[in-house]
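Let us take a walk through this model together, one piece at a time. Have the sequence and the 3D view side by side as you read.

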Amino acid sequence: MADFKDDLEILNYALTLEHFESAMYKGIVASGKLTGVEQTYATDFGAHEAAHVTALTDTISKLGGTPVKAQASYNFPAFDTRDNIVKFLVTVEDLGAGAYLAAAPEVQNPDVLTAAVAIHNIEGEHASIWRRQNKMVPVVGAFAAPVKKADVLAAVSPLLGSGTTAAAPAATGTGSGTAAPAATGTGGGTAAGAPTTLPRTGNPQTENNTALTTTLVAGAAAVAAGLALRARSYKRSKA
Amino acid sequence: MQDQYLRLLTTEFSRRTLLRSAAGTAGVVGAVAIGGSDQLFNLGYQFSQTVLAQAALTDTDILNFALGLEHLENKMYKDIVASGKLTGEAADTAKMFGQFEQSHVDALTKALTDAKYANIAKEGTYKFPAFDTQDNILKFLNVVEPVGVGAYTGAAKLIKDKGILAVAGAIVQVEARQLAITRALGGEAKPVAAALSEIFTIDQVNAAVKPLLP
């Protein structure tokens, strides 16, 4: 089941998240609570998010769509201590990387897909760096976990607050792979899990790769729960 | 054009190993990569590619291409861990990332085996530099890891099956995360180099990997 009706919807979904991340980094850098290499990371990564905003805005316009705009403000937590900021960055960047990962297979335009994957990689790189700074395992498993749109929106909506252009009704309980072991340790990644929940939209014009897909997806599914769990626990901590 | 290079790279590992064997330097190669009737089969396959080069790539071709790179990365990490030259966080990290590459190799191999793919890429012998100091090792990782990221990213649009694309995405994100960490371990001030990751054409992948092949 597709989460998006077309590329423009995916691009605006991504742009909504990028606006949020860009504003987040501006606020964090301005807070002055990070120092040294972490302040440098935040400055650089914020520039990346701003570049993503520009690229997505231009692409949406070129495709004939209307790019969503940044909100005047967001419901960020207080950027009051270094530890809180780094924890927040881990949550947001992991979520962003997972959001792109779940959405990418639905992209139709090949050039948009390439760009989406390249942006997605950067979100993953940001996430791994902040995880390292937070003394966490930087790469949770051999296969990164996608986060479905409903879960992303559920996690992000409280931060977007009112007046957002992208907030959909926050669906809950749609997290993927709840039965899989939460891959938060240092393990080698591909614990067996029930491979039932990764996106499999299929493609009728292509060769029948169902078995192939199933085999591959089996390895990836086990780690899917980790990120969803993090998103949920973050939600709880905000509530 | 691109497809042709992709096909060539797909078979590059086994082909080069094979040529060495045929030239009488089999002692180096031993039985590591391919042996016996596989060699003949691979040779036939290689010739067939010049004819088939124009044919459309299947998803399994792309996965096999990816598997070739994963084998290289997997062996690289195995050798690095075995060198014992890394300490502390770098040692732990290399061990962990090596496990991930092994998982990628296993998953891709199993998928291709189940799909009865004809010429599944195997581990070969590679011309790695000496893994003699932590600095040199990290520098080398920061040469190889971007190739993996760029190769998957460039190849993504060639994948037809959306489920396979999702898995390729799950792998490339891991490669990207590894890259940022190995860069940070190497002391790079900008472990995330730009707003867009590497996007390698097949030419670029080919050029990058070639010096490492026997």
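Predicted model: local features only at pLDDT ≥ 70, side-chain atom pairs only at ≥ 80, totals over all residues.

## A walk through two helical chains

A:Lys135 sits in the loop that links H4 to helix H5 (149-160) of chain A. The phi angle of A:Lys135 is near 60°, a positive value in a residue other than glycine. Is A:Lys135 buried or exposed? With 7 other C-beta atoms within 10 Å, A:Lys135 is exposed, because a residue counts as exposed at 12 or fewer.

Now step back to chain A as a whole. Chain A has seven helices and zero strands, so that the pattern read along its sequence is α-α-α-α-α-α-α. Of its 239 residues, 52% are buried. Among the contacts in chain A with a separation of 6 or more, 77% join residues 24 or more positions apart. How confident is the predictor here, and what is the average pLDDT? Chain A averages a pLDDT of 76, and 67% of the residues score at least 70. Over residues 163-239 of chain A the pLDDT is below 50, and this stretch has 166 contacts in the model beyond near neighbours in sequence. Please keep that in mind when you look at this part of the chain.

Next, follow helix H2 of chain A, which covers residues 36-62. Its 27 residues should span 39 Å at 1.5 Å a residue, and the end C-alpha atoms are 40 Å apart, so the two values agree. Several residues of H2(A) are buried, among them A:Tyr41, A:Phe45, A:His48, A:His52, A:Leu56 and A:Ile60. What covers them? The cover includes helix H1 (7-31) and helix H4 (110-133) of chain A. After H2(A) comes A:Gly64, whose phi is positive, near 90°.

Helix H3 of chain A, residues 82-103, can be checked in the same way. At 1.5 Å a residue, its 22 residues should span 32 Å, and the end C-alpha atoms are 31 Å apart, which agrees. H3(A) is mostly covered, with 17 of its 22 residues buried. A:Val86 counts as buried because 23 C-beta neighbours lie inside 10 Å. Leaving out residues up to four places away in sequence, A:Val86 touches A:Trp130, A:Gln133 and A:Asn134. A:Val86 and A:Glu38 are 48 residues apart in sequence, while their C-alpha atoms are 8.9 Å apart in space.

How many helices does chain B have? There are eight, with zero strands, and from the N terminus on the elements run α-α-α-α-α-α-α-α. Buried residues make up 52% of its 214 residues. In chain B, residues 24 or more positions apart account for 81% of the contacts with a separation of 6 or more. The average pLDDT of chain B is 78, and 74% of the residues score at least 70. Residues 1-55 of chain B have a pLDDT below 50, and this stretch has 79 contacts in the model beyond near neighbours in sequence.

Look now at the loop between helix H5 (88-114) and helix H6 (134-155) of chain B, where B:Ala115 lies. B:Ala115 counts as buried because it has 21 C-beta neighbours inside 10 Å. B:Lys116 lies in the loop between H5 and H6 of chain B too, yet B:Lys116 is exposed, with 9 other C-beta atoms within 10 Å. The phi of B:Lys116 is near 55°, a positive value in a residue other than glycine. B:Ala115 and B:Lys139 are 24 residues apart in sequence, and their C-alpha atoms are 37 Å apart in space.

Finally, see where the two chains come together. In soluble globular proteins, nonpolar side chains tend to be buried together. The largest nonpolar core here has 112 residues, and those with the most contacts inside it are A:Tyr100, A:Ala104, A:Ala116, B:Tyr152 and B:Ala168. Helix H7 of chain B, residues 162-185, gives the most to this core, with 15 residues. Leaving aside neighbours within four places in sequence, A:Ala104 is in contact with A:Leu113, A:Ala116, A:Val117 and A:His120, and also with B:Leu165 and B:Gly169. For the model overall, the scores are ipTM 0.76 and pTM 0.75.

Definitions and conventions: Residues numbered from 1 in each chain as written. Chains lettered and ligands numbered in written order. Helix = DSSP H or I, 4+ residues; strand = E, 2+ residues; numbered from the N terminus. Expected span 1.5 Å × (residues − 1). Buried ≥ 20, exposed ≤ 12 C-beta atoms within 10 Å, placed from the backbone. Contact = placed C-beta atoms within 7 Å. pLDDT = per-residue confidence, 0-100. Core = buried A, V, L, I, M, F, W, Y, C linked by C-beta atoms within 7 Å.
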